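Here is a short tour of one protein model, written for a reader who likes to check backbone geometry and packing. Please keep the viewer open as you read.

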Amino acid sequence: MSISLIYDPAYLTHDTGQYHPESAQRLEAVLETLNGSELSNRLKIVKPAPASIEDLVRCHHLELATEVKALCDSGSTFVDADTRISRRSYDVALLAAGAAITAVDEVMKAEGGRAFGLVRPPGHHATPERSMGFCLFNNAAIGARYAQQKYDVENVLIVDWDVHHGNGTQDIFWFDPSVFYLSTHQYPFYPGTGAANERGGGKGEGFTLNVPLRAGTSGRDHREAFTQALHMTENKFHPDLIIISAGFDARHGDPLGGLMLDDGDFAEMTHETIRLAEAHSSGRVVALLEGGYNLDLLGGSVAGHLKAML
């Protein structure tokens, strides 16, 4: 088995400035680790095509795409106080969303398909109408909608273990019972959403499952909470495809979080997710990089995750 690694060097041209935590150095650190590891022979590098406007508007208002493009074209350097951009950022964000689409294409080719999008900017904070939290467009959501449109996939599970709650993903699918959103995250924390009583609305009620964790929660307790939530999800929802919003800022030592996972915990969480995929979605799993800001640790966390995917 191999993993399709969706990557384009253009991701490095999304310029966020010298001191911003979401920098090109993140991907460079991961690539350095992977290139020197035993994984290198089991990764199939695939370059993505950019997402189209049609792909974006399945999840976002057209005005958002227009606004982001205009800001980048004008040379603006911020979307909001946290989210830096440059002239290349709109095109790179289309490539990041396109990686989710390419990853779906890769895993749908055969049973047991696995793909990892080594992308930036990340996506899970982007709401239907707003870019925020380092995110311009919601990569995981765009991939989920594409899978439903292109391959007639009925049910998609999005598993999000980033330290921050994916408010954008939750908003996009709040009323939709065909996409189950499961998130473990530090709480209370940025962006202020993700309480346990946020469960979806209308026909989508009960198809959002938030597992808020206090800062300092041990890796063992975190992992057990994740596994329990995954079992609860399986009792209610059988996915035809699983997409992981794979943030590694819940790792102990990350400068932007206060949770205590280590690389082994991420590997165990990956194994649990793979088990669910093998039971219900022919083993098909897409993972997309979200957070993870300790440059000394991120490469090892991603490598462990990929090994577990194999």
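## The sheet

Strand S1 (residues 3-6) and S2 run parallel and are joined by four bridges. Within this pairing, Ser4 stands opposite Lys44 in S2. The model you are looking at is a predicted one.

Which strands does H8 touch?

Helix H7 (residues 219-236) is another one to look at: with 18 residues, H7 reaches 26 Å from its first C-alpha to its last, close to the 26 Å expected at 1.5 Å a residue. Its buried residues are Gly219, His222, Ala225, Phe226, Thr227, Ala229, Leu230, Thr233 and Glu234. What do they pack against? The buried residues of H7 pack against S4, S5, S6 and H8.

Now for the backbone. Most residues other than glycine have a negative phi, and most peptide bonds are trans.

Arg120 and Pro121 are joined by a cis peptide bond, with omega about 0°. You will find Pro121 in the loop between strand S3 (114-117) and helix H5 (139-151). The peptide bond from Tyr187 to Pro188 is cis as well, and its omega is near -5°. Pro188 lies in the loop between strand S5 (179-186) and strand S6 (208-213).

## Positive phi values

Asp152 has a phi near 55°, which is a positive value in a residue other than glycine. Its place is in the loop between H5 and strand S4 (156-160). Is Asp152 buried or exposed? With a relative accessible area of 65%, Asp152 is exposed.

Ser282 also has a positive phi without being a glycine, with a value near 55°. Ser282 is found in the loop between helix H8 (263-280) and strand S8 (285-289). The relative accessible area of Ser282 is 33%, so this residue is partly exposed.

## Cysteines

How many disulfides does the structure hold? The count is zero. Cys72 is in no disulfide, and the nearest cysteine sulfur to it, that of Cys135, is 14 Å away. A disulfide needs the two sulfur atoms within 2.5 Å. Cys72 is buried, its relative accessible area being 0%.

Cys135 is likewise in no disulfide; for Cys135 the nearest cysteine sulfur is that of Cys59, 13 Å away. At 1% relative accessibility, Cys135 counts as buried too.

Methods: Residues are numbered from 1 along each chain as its sequence is written. This is a predicted model: local features need pLDDT of at least 70, side-chain atom pairs count only at pLDDT 80 or more; totals for chains, interfaces and linings use all residues. Side-chain values use heavy atoms; hydrogens and water are left out. Buried means under 20% relative accessible area, exposed over 50%, partly exposed in between (1.4 Å probe, protein chains only). Helices (H or I, at least four residues) and strands (E, at least two) are DSSP runs, numbered from the N terminus. Two strands pair if DSSP finds at least two bridges between them. The expected span of a helix is 1.5 Å times one less than its number of residues. Contact means heavy atoms within 4.5 Å.
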